[in-house]
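Keep the viewer open and click along.

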Amino acid sequence: MLAIFGLLWIFLGIWWGRRAKNYDGFSVAGRNVGLALGTATAVATWITSNTTMLAPEFALKLGVWGALGYATASFGLFAFAPMSGRIRQLMPHGYTAVEFIRRRYGMVATIPFLSISLFYAVIWLITMGMAGGKLLEVLAGIPYEVGITVVLLVCVIYTLFGGMYAVIGTDFIQSLIILIGLVVVAIAVLSQVDITQVHGKLTADRPMLLSVLFPAALMALFNNMLFGFGEIFHSNVWWSRAFSMREGVGPKAYALGGLLWLPIPIVAGFLGLAAPALGIGISQPDTVGPLVAATLLGTGGALLVFVVVFCSLASSIDSLLAATSDLLVNDILEPLAGRPVGERRKRSWSSLSIVGLGALAWVVAFRNQGGSLAGVLFLAGPMVGSCIWPIVGGLYYRRPGPLAAAMAMLLGSVAGLLAYHYIGWFVGSLVGATVSGIVFAAGCWLAPYDFEFARLSERPAEPSSEPPAEDFAPASASATPSGEH
């Protein structure tokens, strides 16, 4: 199954990637993605291994509030829906979230934001590799090292050849497989488990898992909600899709994606609640979901769970590779070159970036096989939470200035990381977002700004010194709508 799906994604990625004739096609799919593909890529990317593996872990540790708390991450998709339309309108020729921060606030805010974006992207990528290794080890006894190698290698290969066209195309197939597979798993598990037995066992042995006043669970609920807002608002994974979709498509696609994603962590979380009642021994809490499903459903269930989680892994890893390579090319390598560069050179830089990111994720995941997915992922929570207010304020209001944005991100990140270290992972995003909001409001009041939004719609400078032979063919007329200045 691993070989079949690995080869399938590579074939489909290369096949769809034939449409990437220029850099716009490779990085933002020609800015012409419609509603069906847009919704599918939003759903598939947000159904990560964290949804299928961390939601059961949350339920196992934090009870009912844990599963419901993870479901609040859908609020980020709902909130980003209107923001995606605003982004597409303000920056019709944009590529990255960092580009917005650079144009909106200048370099003083760009440096912390770029650092946060890259750190978060690498952390997320590492957790995907770890999840792949743990999944294959739990379900099939395949060594952890082999699992992370195969999962990352497959995603690197097809993203390398197809870019955003390959990412969105495979996301469409993966989203269908994930949604159908989760429905089948849920029905099969519910037919095998007596819910009254689960409730009775939890009431007798672990009553706090059912308590509505479980303090850690309540903090985790709001922490996870703010983490979801910060993840989506700041991450180039979601901005690159906003730039890829046709004008007017983004708000509908993200809203539909949120609706489709909302029940999934609740269903997955039930597996975590069922584990104690079924007497299943759990050595690693982040593997409880696949382990319970495989135990209840046998070999067929294990294969089905593998297909669902492998698709969710691939749909997130490819998105991270493509979106993060855009950051490296457009916001680090091109500025360091000191001039606009041609499309062929950008394409080469993108390929090198994708390979480098895959290698980095492999090395760190290889050395961290005993780590918890939640502990690793939520290390970035304080930092992404501190980006919420600078992004929202910068998109909708003229008053926020560079000082307010930079200090909000810096102080929010520091406060959140201290809370993460001294209190726990379940309060880092909450503290980071709260401190960031207070600092941002104070900065807007003490150092008001008057930004002109028309500056965001300016077309980037064209390369002038590279020979035409180094570039791909120019973008088609449909990729550059008229009247956008």
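## Starting with Leu152

In which helix is the place of Leu152? Leu152 sits in helix α9, residues 144–192. Helices here are DSSP runs of H or I with at least four residues (strands are E runs of at least two), numbered from the N terminus. Before going on, remember that this is a predicted model, where local features need pLDDT of at least 70, side-chain atom pairs count only at pLDDT 80 or more, and totals for chains, interfaces and linings use all residues. Residues are numbered from 1 along each chain as its sequence is written, and side-chain values use heavy atoms, with hydrogens and water left out.

Leu152 is buried, with a relative accessible area of 4%. Buried means under 20% relative accessible area, exposed means over 50%, and partly exposed is in between, using a 1.4 Å probe and protein chains only. Setting aside neighbours within four places in sequence, Leu152 is in contact (heavy atoms within 4.5 Å) with Gly129, Ile317, Gly358, Ala361 and Trp362. Leu379 is another matter: 227 residues along the chain from Leu152, with the two C-alpha atoms separated by 22 Å.

Ala20 is found in the loop between α1 (2–17) and α2, and is buried at a relative accessible area of 6%. Follow the chain for 143 residues and you get to Gly163, yet the C-alpha atoms of Ala20 and Gly163 are separated by 7.3 Å. Not counting residues up to four places away in sequence, Ala20 touches Gly25, Phe26, Gly162, Tyr165 and Arg347.

Leu271 belongs to helix α14 (residues 264–278) and is buried too, with a relative accessible area of 10%. Beyond residues up to four places away in sequence, Leu271 touches Val189, Val288, Gly289, Val292 and Ala293. Between Leu271 and Gly424 there are 153 residues of sequence separation and 24 Å of space, C-alpha to C-alpha.

## The loop between α2 and α3

Most residues other than glycine have a negative phi, and most peptide bonds are trans. Ala29, in the loop between α2 (23–28) and α3 (35–46), has a positive phi, near 50°. Arg31 is in the loop between α2 and α3 as well, and its phi is positive, near 55°. Both are buried: Ala29 at 2% relative accessibility and Arg31 at 5%.

Which ring does Arg31 lie over? Arg31 lies over the face of Tyr95, at 4.9 Å from the ring centre. Lys346 also lies over the face of Tyr95, at 5.3 Å from the ring centre. A charge sits over a ring if NZ of Lys or CZ of Arg is within 6 Å of the ring centre and within 35 degrees of the ring normal.

## Aromatic pairs

A pair of aromatic rings is described by the distance of the centres and the angle of the planes. How many aromatic pairs does a search of the whole structure find? The search turns up 19. Rings of Phe, Tyr and Trp (its six-membered ring) pair if their centres lie within 6.5 Å; planes under 30 degrees apart count as stacked, over 60 as edge-to-face and the rest as tilted. Tyr120 and Trp124 have ring centres 5.6 Å apart and planes at 45°, so this pair is tilted. Both lie in helix α8 (residues 107–140), 4 residues apart, about one turn of the helix. Tyr120 is buried at 1% relative accessibility, and Trp124 is buried with a relative accessible area of 1%.

Phe451 and Phe453 make an edge-to-face pair, 5.6 Å centre to centre with 85° between the planes. Phe451 is buried at 1%, and Phe453 is buried at 13%. There's also an aromatic cluster formed by Trp46, Phe58, Tyr70, Phe80, Phe227, Phe229, Phe233, Trp238, Tyr254, Trp261 and Phe378.

## Where α11 meets α12

Two members of that cluster, Phe233 and Trp238, turn up again here. The axes of helix α11 (residues 215–234) and helix α12 (residues 236–244) come within 5 Å and cross at roughly 50°. Axes are lines fitted to C-alpha atoms, for helices over the stretch in contact, and angles run from 0 to 180 degrees between N-to-C directions. The two helices are therefore oblique to each other; angles under 35 degrees count as roughly parallel, over 145 as roughly antiparallel, 65 to 115 as roughly perpendicular and the rest as oblique.

From α11, the contact uses Glu231, Ile232, Phe233 and His234, while α12 brings Asn236, Trp238 and Trp239. These residues divide into 4 nonpolar, 2 polar and 1 charged. Ala, Val, Leu, Ile, Met, Phe, Trp, Tyr, Cys and Pro count as nonpolar, Asp, Glu, Lys and Arg as charged, and the others, Gly among them, as polar.
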